[in-house]
Structures are given as C-alpha cells and as structure tokens.
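Welcome! Let's look at this model together and ask how each description of it is reached.

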Amino acid sequence: MADALKRTPLYDLHVELGGKMVDFAGWDMPVQYPMGIMGEHKQCREKAALFDVSHMGQVILRGSDVGQKLETLCPQAYATLPEGKARYGFFTNAAGGIMDDLIVSNAGDHYFVVVNAALRHQDIPHMQANLDGVEVTEIFDRALIAIQGPAAEDVVAAHCPAARDLTFMETTVARIMGAECRISRLGYTGEDGYEISIPEDKAVEIARAFLAHEDCEPAGLGARDSLRLEAGLCLYGNDIDQGTSPIEAALGWAIQKRRKAEGGFPGAARIQKELAEGPARKLVGIKPTGRAPARQGVEIQDDQGNTIGQITSGGFGPTVGGPVAMGYVSADHSAQGESVNLIIRGKPQPAQIVALPFVTQNYKR
Amino acid sequence: MATYYSEEHEWIDVDGDTATLGITKHAAEQLGDVVFVEQQDVGEEFAKDGEIGVIESVKAASELYAPVDGEIIEINETLADNPGALNEDPEGEAWIYKIKIADAAQLEDLMDEAGYKAFIG
C-alpha cells in the first residue's frame with residue numbers, strides 16, 4: 001500500500017477554498033481552485049496570488065564557514081554571499097549534471113536553504129555527508145507561503161511594513177501578526193513577490209489575512225507551472241536533471257565569475273569546458289506557430305526532418321495567449337529565429353526558436 | 001431528436017441518421033480551461049471507440065473517442081479560434097462535429113440523460 005499523502009499546515013484551508021487536490025511528490029496539494037489555472041495565472045501577473053509551497057524542504061545550516069563549505073557542492077559564490085541576501089544555485093554531480101536546484105540565504109548566524117520537495121531525501125543526506133562540521137537540520141514546523149504579483153508588496157506590507165524595504169533577493173526576519181517569520185523577496189513566477197516561512201500554528205491565520213486583501217487570490221500548482229514556464233525558469237525533473245549541465249541549461253548566469261574561473265565544485269571540468277567551447281546542446285525557448293501546445297517529450301526536428309532535440313516543458317501560456325515551450329536542441333540549431341518542426345501526435349507543427357523569457361520579469365531591483 | 005451520452009463524456013444529439021456531437025458540461029469542468037481543439041477533416045470515417053480528435057486544456061491533452069461508427073460531415077470551425085467556447089457552452093454552441101451514423105443499433109449501448117447523471121454521480 002502506498003504511503004498516505006502528506007499534508008501541509010494549509011491543507012484544510014485549501015479544501016475550504018475549493019482547491020482540487022492532487023498528489024505532488026507525495027504531498028496532497030491544490031492544482032487549482034475554482035477560479036481555474038488560466039484565471040489564477042492572470043491574477044498573479046496582474047494583481048497578487050498566494051501559493052502554498054510548504055511541501056518544499058526548508059533546511060537550516062549552522063557551523064563555521066558554511067558558505068565556503070557549500071562551495072564544495074555548488075558552483076555558486078556562497079562564501080561571499082552577504083548577510084541578508086539570497087542566491088539561486090544548484091548542487092552539481094561529478095559529471096557536471098544538476099542534482100537539484102535550490103535557494104540559499106545568508107541569515108547571519110545560520111544559512112537557510114530551500115530545496116525541491118521530491119529531492120529533500122537526496123539533498124539533506126548529501127549536505128550532512130559532505131559539509132564537514134556543519135549541522136544540517138530540516139525544519140518541519142514551518143509553512144512556506146509565496147505571495148507573487150505586482151500587488152504582492154501591498155498585500156504583505158499591510159501586515160508586515162518591513163516587506164517594503166526589501167529588494168529582489170533580500171531576506172530578513174520580521175513579525176507578521178505576532179509571529180516571527182523569515183521573509184524573502186523572491187519567487188518562481190517571474191513577478192515581484194515574497195516567500196515567507198511561517199510557524200505552522202500561525203500559517204492559516206496569516207494566509208487568511210493575505211487573502212482578505214482585495215487583490216489577493218489563492219493559486220495552485222497548475223498556475224505556478226505556467227507562470228514559471230512563461231518566465232523561462234527551469235523545473236527540476238523536466239528541464240534540468242542529473243544529466244544536464246548548467247551551461248546546457250543556460251544557467252551560466254547563476255555561476256558567479258570567481259567560481260567560473262577557479263572551479264573547485266563537482267563537475268567543474270565539464271562545466272568549465274562547456275563555458276570555454278560552448279555546450280553540444282542548449283536549452284532554448286520555443287514558440288509554436290500554431291495553437292497546438294507542445295508538451296514534455298515532443299520531438300524537435302530541423303526543416304530536413306532530422307531530430308535535433310526534445311521539448312522538456314511546454315503548454316499554454318495564458319499571458320502570452322498561445323502555446324510556449326522550452327527544450328534542448330543541438331547547438332547548431334539553437335540560434336534565435338531558427339525554424340523547427342515539433343512532432344505533435346505524429347504530425348510536424350512549425351515553431352521558432354525564441355529568446356527566454358516569454359514575458360518580461362518584473363522584479364523589484 | 002434524442003440525446004445520448006457516452007462513458008467518455010460525449011453527448012450525441014441524433015436526428016435521423018445524422019447527429020451532432022460534443023463533450024458534456026461535466027467533461028468540460030474536469031478538463032479546465034480548453035486552449036486547443038484538434039479536429040479531423042470532413043469525410044473522415046471512424047469506428048466506435050476510435051480517436052476522433054484531441055482537446056487540450058491548460059493542464060493536459062485528452063482524446064475524443066467516437067461513440068458510434070460513422071463519418072464526419074461537418075466540423076465546428078469556430079473552435080479553432082475560440083477553443084474557450086468549450087468551457088462556456090459545451091452542450092450548445094461549442095458542438096464539435098456533425099456526423100453521419102453508420103450503425104444506429106450502437107446507440108443502444110449509450111446512456112440517456114438520467115443514466116448519464118447517475119453515471120457521473
């Protein structure tokens with residue numbers, strides 16, 4: 001018998017709000033609410049949306065030189081991450097593939113790490129085994145809520161004035177309705193917004209307070225996926241995995257200059273070689289010409305009918321108003337404007353290689 | 001005219017040996033926001049339970065199965081530009097095909113409205 005699905009502190013609220021619950025990485029999560037994916041997506045782009053991301057792994061790292069030690073597992077410059085700042089990164093394997101992507105925050109007396117729900121059982125032992133003298137502790141008593149969208153600042157600041165003072169990728173501790181929360185100005189939708197780590201016994205009360213704002217509505221995992229896709233953000237397991245290197249995945253921007261030059265992280269040989277010579281394949285934006293969505297697994301061909309790659313994420317982009325996709329193509333076919341064919345249900349459908357993201361990212365820098 | 005329903009959540013409105021076919025309100029609600037409808041061409045012949053099109057929602061692609069043997073005699077061309085009509089009026093304006101029924105005896109395997117209501121609970 002399968003294990004019972006795990007529930008976040010907001011489970012009862014999701015059900016009360018009419019959330020359609022599905023199994024996501026072993027968690028019973030809302031894929032959508034009565035508004036629907038399309039409406040929730042637009043709500044986030046135009047006003048503000050609340051997402052429960054409590055299923056993700058929240059981890060505290062304590063010890064000496066934690067940032068420096070993280071550099072032995074990740075190609076990011078975490079040793080020089082200033083206090084109060086968060087930085088996107090990933091664990092790499094010895095072959096230069098991506099083991100998981102994560103956000104690391106320097107919280108002063110500790111580091112705060114958020115990893116993907118499905119990979120906590122890999123990532124936490126990985127850190128425990130390899131970060132010498134660092135205490136690695138997963139937090140189970142806090143919810144994680146994302147408030148995303150142009151109205152997110154107003155929604156959050158109504159209960160937490162300190163939220164206004166943060167800029168993109170800054171993090172702090174602040175009280176919200178009496179509860180001590182970690183609030184970070186970041187997210188995964190392409191919009192301005194926050195992720196807030198909240199003591200579990202206050203999570204519902206705080207979520208209700210945010211939702212009471214006229215510009216804030218709940219949104220599920222369906223909208224979260226279409227939002228991140230339009231924003232050109234990789235989903236682990238779809239667009240990046242143990243076999244894809246960060247350079248192939250166009251994540252070179254997330255590796256800081258010093259690390260690119262010095263190496264010293266797992267898989268540095270492949271990653272530095274690809275930086276110098278270019279990768280054999282690249283993750284690109286793909287815009288189907290017609291209306292048919294091209295989903296994960298769809299084959300990409302050149303105009304001669306040769307296979308040149310595969311779609312890794314694809315669907316309908318509500319803000320774009322048409323289908324959008326990302327996928328890997330061989331480097332010689334990766335130039336923007338290149339015409340390709342997508343084999344959807346056996347028939348070639350025309351598409352074009354385009355720049356990512358599909359929508360302008362609206363971060364508060 | 002009589003309306004029948006399939007376990008694949010299609011309705012078929014029969015008038016002599018021709019019929020109009022679409023998906024039920026229940027199906028449209030389950031699919032969520034429809035963004036694309038792939039229809040076959042007029043003149044295509046099909047067998048009962050064969051795939052006669054694909055409906056794509058924001059979430060996923062779902063096949064449309066033929067409730068009876070027949071032939072496509074007309075397609076609702078407005079769905080190409082306005083697939084969202086399938087959420088608004090799936091049992092009316094947003095019909096998908098007009099078909100010619102090859103074997104009217106197969107209609108007996110389908111459900112009437114009361115039967116379908118019981119089927120979807």
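Domain bounds here come from an automatic or database domain assignment. The model itself is predicted.

Q: What makes domain 1 and domain 2 of chain A separate entries?
A: The domain assignment of chain A places residues 1-277 in domain 1 and residues 280-365 in domain 2. Their C-alpha centres lie 26 Å apart.

Q: How many residues does each domain of chain A bring to the contact?
A: Residues are in contact if their C-beta atoms, placed from the backbone, lie within 7 Å. The contact takes 22 residues from domain 1 of chain A and 25 residues from domain 2 of chain A.

Q: Which helices of chain A each supply at least two residues of the side of domain 1 that touches domain 2?
A: They are helix 2 (37-46) and helix 7 (221-230) of chain A. Helix 2 of chain A gives the largest share of that side, with 4 residues. By class, this side of domain 1 of chain A has 8 nonpolar, 6 polar and 8 charged residues.

Now to chain B.

Q: How do you know that strand 8 and strand 9 of chain B are joined?
A: Two strands pair if there are at least two bridges between them. Strand 8 (residues 70-75) and strand 9 (residues 97-101) of chain B have 5 bridges and run antiparallel, so they count as a pair. Within them, G70(B) stands opposite I101(B).

Q: Why do strand 1 and strand 5 of chain B stand at the edges?
A: The open sheet of 6 strands in chain B has the order 1-2-3-9-8-5, with antiparallel pairing. Strand 1 (2-5) and strand 5 (45-46) of chain B each have a single partner strand, so one side of each has no neighbour in the sheet.

Key
Residues are numbered from 1 along each chain as its sequence is written. Chains are lettered from A and ligands numbered from 1 in the order in which they are written. This is a predicted model: local features need pLDDT of at least 70, side-chain atom pairs count only at pLDDT 80 or more; totals for chains, interfaces and linings use all residues. Two residues are in contact if their C-beta atoms, placed from the backbone, lie within 7 Å. Ala, Val, Leu, Ile, Met, Phe, Trp, Tyr, Cys and Pro count as nonpolar, Asp, Glu, Lys and Arg as charged, and the others, Gly among them, as polar.
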